[in-house]
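Subject: The structure, and what I found in it

Hello,

Here is the structure I promised to pass on. Please open it beside this email, and my notes follow below.

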Amino acid sequence: MAAPGENLKINGDRLWDSLMEMARIGPGVAGGNNRQTLTDADAEGRSLFKQWCEDAGCEMGLDTMGNMFAMRPGTDPEALPVYVGSHLDTQPTGGKYDGVLGVLGALEVIRTLNDLDVKTKHPIVVTNWTNEEGTRYAPAMLSSGVFAGVHAEDWAKARVDAEGKAFGDELKRIGWEGDEPVGARKMHAFFELHIEQGPILEAEGKDIGIVTHGQGLSWTQVTITGRDSHTGSTPMPMRKNAGLGMARVLQLVDEIAWSHAPHAVGAAGHIDVYPNSRNVIPGKVVFTVDLRSPDLAVIEDMEARLKTGAQAICDEMGLEVAFEKVGGFDPVEFDATCVGALRAAAERLGYSHRDIISGAGHDACWINQVAPTAMVMCPCVGGLSHNEAEEISKDWATAGADVLLHAVVETAGVVE
């Protein structure tokens with residue numbers, strides 16, 4: 001396909017205004033957002049997005065997992081669509097840009113093409129994937145995983161949150177369960193714009209990150225069981241302290257990750273302690289160990305060492321331990337042609353750029369299994385994300401959306 005001219009650019013002010021308007025839905029307590037999946041705030045954000053898409057002349061599709069697909073027609077009815085998007089759901093203390101930039105940047109691609117009356121051979125579809133974050137319902141990227149055939153739909157809809165509410169029931173409750181079979185759509189390609197969620201681009205002064213690979217991820221839920229007892233009257237030799245067992249396992253996790261420096265990482269972000277009382281020694285702890293690496297063999301090694309080491313720690317302390325794999329995916333290598341389109345777009349537009357490995361999971365990681373896929377990233381201040389203080393600049397957002405626009409248009413084919 002012919003490359004678009006370098007003067008083809010999005011409206012940065014309009015994109016920024018859209019980001020700020022969406023951020024008013026599900027506000028956090030410190031300037032960010034709490035728009036968790038399948039909540040009333042999620043439903044409100046979806047409604048606004050749908051209205052914007054329809055205002056842009058798109059027809060909205062909705063599948064049985066709640067994934068939203070807004071299509072701008074192409075000139076060739078037989079041509080498969082180019083899909084572009086991300087997610088609108090947030091962390092409980094999330095920022096205004098994680099995921100949202102990718103959805104609204106994709107919408108801005110459509111708006112810009114409408115402004116300039118540019119027609120493409122392939123249709124372009126703006127996508128909002130349901131439950132990317134995986135906070136309320138584990139695992140992350142749940143609905144894109146069902147779309148890609150990684151998860152069974154019945155299994156996904158049976159997932160429950162901390163209050164025991166099932167995904168399928170909540171999807172119906174907020175009114176966003178569609179009739180379209182999930183995974184039925186075929187794609188010519190898929191592109192996702194995202195903030196980096198790391199410090200590399202800002203530290204190196206780069207405008208754009210071209211994502212060539214995605215780290216693999218392993219989530220193992222660990223349950224350690226000891227015995228509740230009084231913190232003051234239980235002698236030290238007679239304690240079965242599940243909290244202490246967890247502390248030693250978390251030290252092990254850190255050591256395991258450091259042993260595979262510099263690309264491997266590991267920690268536990270979700271921790272529940274029972275009964276969580278000031279004067280009761282914890283009798284049970286449940287925590288999820290998050291291990292990541294771009295090398296599958298490294299992930300497998302870290303998983304094995306976690307189980308062996310944690311079992312040894314707990315055996316020595318007289319504690320019981322159980323492991324459950326609650327999420328994960330293998331490392332990803334994105335499509336060379338799609339990656340090349342993004343890299344060429346950055347070059348053509350004069351933006352500084354570098355190749356980068358995504359340390360976070362994204363919907364693109366699953367869609368890569370069923371369609372040619374690539375990602376583009378813009379910097380974020382201090383690399384901070386999954387935090388209400390997450391911040392980007394209007395210029396960064398604009399540059400990322402410009403590169404997205406060029407790659408999508410080139411892939412969709414301009415009709416002269």
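The radius of gyration used here is taken over C-alpha atoms, and the globule rule is 2.2 Å times the number of residues to the power 0.38. Because that rule puts a compact globule of 416 residues near 22 Å, the 23 Å of this protein chain agrees with it. Please keep in mind that this is a predicted model.

**The overall picture**

The C-alpha atoms fill a box of roughly 80 × 45 × 40 Å along the principal axes. You will find twelve helices and 17 strands in the chain. Of the 416 residues, 57% count as buried. The chain exposes about 16800 Å², and carbon and sulfur atoms supply 50% of that area. If we take contacts between residues at least 6 apart in sequence, 80% of them join residues at least 24 apart.

**Two domains**

How is the chain divided? There is a domain 1, made of 12-214 + 331-415, and a domain 2, covering 216-329. Their centres, taken over C-alpha atoms, are separated by 33 Å. Where they meet, eleven residues of domain 1 are in contact with twelve residues of domain 2.

The UniProt record, an unreviewed entry, carries the annotation "domain: Peptidase M20 dimerisation" for residues 215-308. Over residues 215-308 the model is 32% helix and 36% strand, with the end C-alpha atoms 23 Å apart.

**The nonpolar cores**

The largest nonpolar core has 101 residues, and those with the most contacts inside it are Met22, Phe49, Leu101, Leu104, Phe191, Ile392 and Val403. Helix H12 (residues 394-412) gives this core its largest share, eleven residues. Both domains take part in this core, with at least three residues drawn from each of domain 1 and domain 2. There is also a second, separate core of 23 residues, including Ile224, Ile256, Val285 and Cys314.

Leaving aside neighbours within four places in sequence, Phe49 is in contact with Met22, Met60, Met68, Leu88, Val103, Leu104, Val126 and Asn128.

**The annotated binding site**

Which residues does UniProt list under "binding site"? The unreviewed entry places this feature at His87, Asp98 and His194. These residues are spread over 108 residues of sequence, yet they cluster in space, with a largest C-alpha distance of 9.8 Å.

His87 sits in the loop between strand S3 (82-86) and helix H3 (100-115). Is His87 buried or exposed? The relative accessible area of His87 is 0%, so His87 is buried, given that buried means under 20%. Not counting residues up to four places away in sequence, His87 touches Asp98, Gly99, Val100, Val103, Asn128, Trp129, Glu132, Glu133, His194 and Asp363.

Asp98 is also found in the loop between S3 and H3. Asp98 counts as buried because its relative accessibility is 4%. With residues up to four places away in sequence again left out, Asp98 touches His87, Asp89, Glu133, His194, Ile195, Gln197, Ser385, His386 and Glu390. Both of the other annotated residues, His87 and His194, are therefore on the contact list of Asp98.

**Backbone details**

Some spots in the backbone deserve a look:

- Ala138 and Pro139 are joined by a cis peptide bond, with omega about 5°. Pro139 has its place in the loop between strand S5 (124-128) and helix H4 (142-147).
- The peptide bond from Tyr274 to Pro275 is cis as well, with omega near 0°. Pro275 is found in the loop between strand S10 (265-274) and strand S11 (280-281).
- Asp117 is a residue other than glycine with a positive phi, near 55°. Asp117 lies in the loop between H3 and strand S4 (119-120), and counts as exposed because its relative accessibility is 55%.
- His386, which Asp98 touches, has a positive phi of about 55° although it is not a glycine. His386 lies in the loop between strand S16 (373-378) and H12. At 39% relative accessibility, His386 counts as partly exposed.

Happy to go through any of this with you.

Best wishes

Notes
Residues numbered from 1 in each chain as written. Predicted model: local features only at pLDDT ≥ 70, side-chain atom pairs only at ≥ 80, totals over all residues. Heavy atoms only, no water. Core = buried A, V, L, I, M, F, W, Y, C linked by side-chain atoms within 4.5 Å. Buried < 20%, exposed > 50% of the residue type's maximum accessible area, 1.4 Å probe, protein only. Helix = DSSP H or I, 4+ residues; strand = E, 2+ residues; numbered from the N terminus. Domains from an automatic or database assignment. Contact = heavy atoms within 4.5 Å. Areas by Shrake-Rupley, 256 points an atom, 1.4 Å probe, with all protein chains shown as cover. UniProt positions renumbered as here; feature names shortened; annotations may be inferred.
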